Amino acid sequence: MPDVFADLVGQGEAVVELRRAAAAAAAVLRAGAAALGTAGPARGDTLAADDAATGGVDPSAGMTHAWIFTGPPGSGRSVAARAFAAALECVHGTGCGECPGCHTTMGGTHADVRMVVPEGLSIGVGEMRALVLRAASTPSGGRWQVVVIEDADRLTEAAGNALLKAIEEPPPRTVFLLCAPSTHPDDISVTIRSRCRVVPLRQPPADAVAEVLVRRDGIAPDVAQWAAAAAQGHVGRARRLARDPEARKRREAVLAVPRRLTGVGAAFDAASALIEAAEAEAEASVTEADTTERAALETALGAGGTGRGAAGAMRGAAGQLKELEKRQKSRATRAQRDALDRALVDLAGFYRDALTMALRAPVAPVHTDTAALAGAGAQKWDAEGALRRLEAVLACRAAIEANVKPRIAVEAMMLALWKG
Ligand SMILES: [Zn+2]
């Protein structure tokens with residue numbers, strides 16, 4: 001059985017650092033236990049004090065209470081955070097992958113590990129306060145309370161402040177693991193950043209992604225190689241392309257866009273098609289969860305009940321249902337944006353291929369299956385024209401991120417792609 005870091009593709013340096021930290025954390029626990037045995041429980045039970053007790057190891061090589069995992073989407077930020085959480089809860093302190101601590105953390109059922117995965121566009125202050133409060137309790141397994149916050153860049157300002165307070169005065173056995181695209185102030189506030197140790201992850205090379213698809217998912221080597229290149233270093237996306245025919249079909253439709261842009265009308269049609277495809281993909285991904293959640297809530301609220309108290313209960317229920325609908329709507333918006341962004345990344349890859357071909361750069365194309373088309377584009381547009389088109393796609397992504405209405409941003413992009 002491979003250890004918990006095995007799925008962290010192409011991140012050798014980060015894995016070395018995390019292993020070292022897990023070992024230091026285990027030493028802290030041992031020192032704490034030893035101190036308990038001799039001097040009683042009153043010993044200064046903080047990381048700093050315990051670091052000293054571990055024989056004055058370099059503190060920078062050791063453990064700390066707050067971490068930020070940064071890297072491009074798909075580089076494995078949350079995979080790294082989860083693996084590190086498992087190593088902290090591992091009874092051997094290594095992330096062996098075999099003990100109950102490792103198993104339950106990786107399976108998402110460890111009582112002391114909480115994964116916060118925002119479903120909407122932001123993580124609110126209420127959610128964060130509740131989390132911080134629970135994280136302050138004594139770990140039931142006797143090791144660490146670990147809070148993993150995926151997409152920490154989606155914290156609201158108030159939620160960020162609530163988190164900052166906890167990080168500034170951390171409970172002795174609590175560890176916060178944040179994931180964000182970067183440490184840019186747009187993603188993570190400067191004050192939170194200054195309290196965290198940063199683990200930068202890089203975009204894994206296509207070969208490493210292909211290797212893990214073959215080894216872990218049993219995908220045929222040639223398919224894995226193609227999918228890894230087409231996904232541009234995004235491990236999850238590569239796996240989906242390799243396994244899901246629907247995902248492949250959507251990608252083909254996106255890559256058909258450049259040759260369809262024959263006029264203004266065609267550009268608007270292409271924009272509509274792209275938006276509608278993203279909406280359909282998002283709907284497929286959230287509908288099932290929506291229905292299940294609503295049914296579960298209605299059951300919990302005893303919908304359809306009669307008799308004394310039922311009317312009052314229904315009034316409260318209406319509020320809760322409204323709250324659920326709001327959350328689901330927010331999640332649907334997020335899913336649409338994510339789907340659209342994936343399409344834009346594919347499209348950017350096509351124009352990047354045209355650009356590198358026009359420049360005769362000795363790099364492999366992202367999309368091997370549309371390389372001939374990109375080559376034709378390179379001839380027609382030259383490097384400059386290909387670059388302008390690539391920039392139009394990137395500008396569209398940036399505009400949507402900045403809350404420009406997706407349809408408007410995509411229409412502007414299509415016109416720019418057509419006109420050059
Ligand atoms: Zn273990």
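Author: Here's a quick chat about the metal site and some helix packing. This is a predicted model, where local features need pLDDT of at least 70, side-chain atom pairs count only at pLDDT 80 or more, and totals for chains, interfaces and linings use all residues. Residues are numbered from 1 along each chain as its sequence is written, and side-chain values use heavy atoms, with hydrogens and water left out.

Reader: Metal first. Which protein donors does the zinc ion have?

Author: Cys90 (SG), Cys96 (SG), Cys99 (SG) and Cys102 (SG), at 2.3 to 2.4 Å from the zinc ion. Donors here are N, O and S atoms within 2.8 Å of the metal (3.2 Å for Na, K and Ca), and water isn't among the atoms, so sites may look incomplete.

Reader: What spacing do the donors of the zinc ion follow along the chain?

Author: They follow C-x5-C-x2-C-x2-C.

Reader: And what's the arrangement of the 4 donor atoms?

Author: Tetrahedral, because the angles run from 105 to 114°. Four donors get that label if all angles lie between 85 and 135 degrees. The ideal angle for four tetrahedral donors is 109.5 degrees.

Reader: Okay, helices. How do α8 and α9 cross?

Author: Helix α8 (residues 206–217) and α9 have axes that come within 8 Å and cross at roughly 135°. Axes are lines fitted to C-alpha atoms, for helices over the stretch in contact, with angles from 0 to 180 degrees between N-to-C directions. The helices themselves are DSSP runs (H or I, at least four residues), numbered from the N terminus.

Reader: Then which residues of α9 meet α10?

Author: Val223, Trp226, Ala227, Ala228 and Ala230 of α9 meet Ala238, Leu241 and Ala242 of α10, contact meaning heavy atoms within 4.5 Å. That contact has 8 nonpolar residues, with no polar and no charged.

Reader: Last one: at what angle do α13 and α16 cross?

Author: Roughly 140°, with the axes of α13 (residues 264–301) and α16 (residues 406–419) coming within 9 Å. That makes α13 oblique to α16. By class, their contact has 13 nonpolar, 1 polar and 3 charged residues.

Key:
Helix = DSSP H or I, 4+ residues; strand = E, 2+ residues; numbered from the N terminus. Parallel < 35°, antiparallel > 145°, perpendicular 65-115°, else oblique. Nonpolar A, V, L, I, M, F, W, Y, C, P; charged D, E, K, R; others polar. Tetrahedral: all angles 85-135°; square planar, octahedral: opposite > 155°, others 65-115°.
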